[in-house]
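The following exercises concern one protein structure. Please look over the sequence and the model, then work through each solution step by step.

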Amino acid sequence: MLYRQKKDTYIRNYDGVGYITSTGIFNDRCTNDSGTVFLCALSRKPQSLDELTDKILPQFTGVDRATIKADAAEFYDALVADGFIVKGENEAELNAQDTGFTYNAILPKTTREDFSPTIQRADTETQDLLEKHFAGKPHLTNFQIELTSKCNERCVHCYIPHKFKLNNITDEMYYSVLEQLSKMGVLGVTLSGGEPMTHPHFKEYLRAAKNYDFYVNILSNLTLLDDETIQIMKEGNVSSVQVSLYSMIPEHHDAITTLKGSFYKTRDAILKLIENDIPLHVSCPTMKGNKDDYGDVIRWCHEHKIRAQTDYIMMAEYNHETDNLANRLTVDEAGKVIKDIMADDTDYQEAILAPDFVHRCNMSQFNPERRLCGVGISSCCMVENGNVYPCPGWQMMVLGNLNESSLEEIWNNSEKIKWLRSLKFKDLGGGECCKCDKAAFCSPCMVRNANESPTGNPLEINRHFCAVAAKNKQIVLDWREAKLKELGKS
């Protein structure tokens, strides 16, 4: 009997904690010290139970071979049952089972909400376990590489100033970064821009990232997608493609991208990726130009079994210019979006109607000693010139440059990243947020603060988002009161 890692699963050893994740079943798992040995014996090459046992046996003292083999069979059969690996008599049988992600297997919207099939068997939430394991010793697991600042669109809301969309990453820089990421045990790599497909070597770069067995994500407008790129995505089993679709009205979409014909190119590319079973995630940032359109986008995506979401939050350009904010929704316009989202979310409505909802909202406050943000804990990003920064959009917060230091050196020793990791909620606005009664409806963000602040201060409270949180709370509590009155429970 042969066992093999599925083409859409990824295995890492995080300092003795084994980790396996699957893009096909949208699930992951952690293992203890012993389980890590069994897990890391697997590979993308078929191996018999005897071969796996031979690899495992030397790592245990005082345990006989029969016991190891029996434990291995039980361990691997559980992974087979949960969809992480395949088992068969020969390679053809393994291939037949290794189907990977397919839209044909996804249940319709009426049955599932997010089109993310899952199997839960672990007693402890994986991310909780990893957070505890890495407490006090941040471990880089996901890294975003901006291949180019160039873009063929000029979206009116973009946080990258159009005047800076000029440069490509060099081959030397890109391949050096991949090598460094591999040595650091990084799991996920996101290729972005600008528009990454404008880079003349995008296809070669995509192949190279998959050769390192990274979980590869692509952020793209898809207007430049071609059949060769799709084939590379399929062969390399790209884990996810994220694209923005602003409206189902072509003129509205094109007015936001300022690229005529971009709607049809993006929409048709999405349909091609669906035909080829490439996992997709559609975002529909909502702004003045499409404030009445996002619902149709979400419905269209659900009809095609694509995960989709809207976002009514917009931040200023990373150099603190605010021209793009002319497109941001007013507080009242954001309120209408909040109402619409709530109207479509029956689970949220049920939670709002719970007897203790108001009490929990009033009691919800930010803990002064709680870490302010997760930046620099498991992820960071880079731009094409080698600058490393904490998260997308915060490109003025330079942690270091890869022409001068290794990524590992920056990750472990950058003074700025140490400072970011040290920040707590009591540092935000002099502790003001810890006294706010709208905490249940607010998610403070340092990059939004920094980009909109004339001085780039990430700890300066952004009052626009305070007003949106207040509007959110008012809408929810007013809806609750009206609904309870309608139900005769007020």
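**Exercise 1.** Determine whether Asp340 is buried, partly exposed or exposed, and describe the salt bridge that joins Asp340 and Lys336.

Solution. Step 1: Asp340 has a relative accessibility of 28% and therefore counts as partly exposed (buried means under 20% relative accessible area, exposed over 50%, partly exposed in between, with a 1.4 Å probe and protein chains only). Step 2: Lys336, with a relative accessible area of 43%, is partly exposed. Step 3: the side chains of these residues, Asp340 and Lys336, form a salt bridge with an N to O distance of 3.1 Å (a side-chain nitrogen of Lys or Arg within 4 Å of a carboxyl oxygen of Asp or Glu). Step 4: the two residues are four apart in helix 12, so about one helical turn separates Asp340 from Lys336 (helices are DSSP runs of H or I with at least four residues, strands are runs of E with at least two, and both are numbered from the N terminus).

The model is predicted, so local features need pLDDT of at least 70 and side-chain atom pairs count only at pLDDT 80 or more, while totals for chains, interfaces and linings use all residues. Residues are numbered from 1 along each chain as its sequence is written, and side-chain values use heavy atoms, with hydrogens and water left out.

**Exercise 2.** State how helix 12 and helix 18 pack.

Solution. Step 1: helix 12 (residues 331-344) and helix 18 (residues 463-486) pack at about 40 degrees, and their axes are 9 Å apart (axes are lines fitted to C-alpha atoms, for helices over the stretch in contact, and angles run from 0 to 180 degrees between N-to-C directions). Step 2: helix 12 is therefore oblique to helix 18 (under 35 degrees counts as roughly parallel, over 145 as roughly antiparallel, 65 to 115 as roughly perpendicular, and the rest as oblique). Step 3: the contact (heavy atoms within 4.5 Å) involves residues including Ile338 and Met342 of helix 12 and Ile475 and Trp479 of helix 18.

**Exercise 3.** Which residue forms a salt bridge with Glu369, and how far apart are the closest N and O atoms?

Solution. Step 1: the partner is Lys424, and the closest N and O atoms are 3.1 Å apart. Step 2: Lys424 lies in the loop between helix 16 (415-422) and helix 17 (446-452), and Glu369 in the loop between helix 14 (357-363) and strand 13 (379-382), so the pair ties together parts 55 residues apart in sequence. Step 3: Lys424 is partly exposed at 29% relative accessible area, and Glu369 is partly exposed at 44%.
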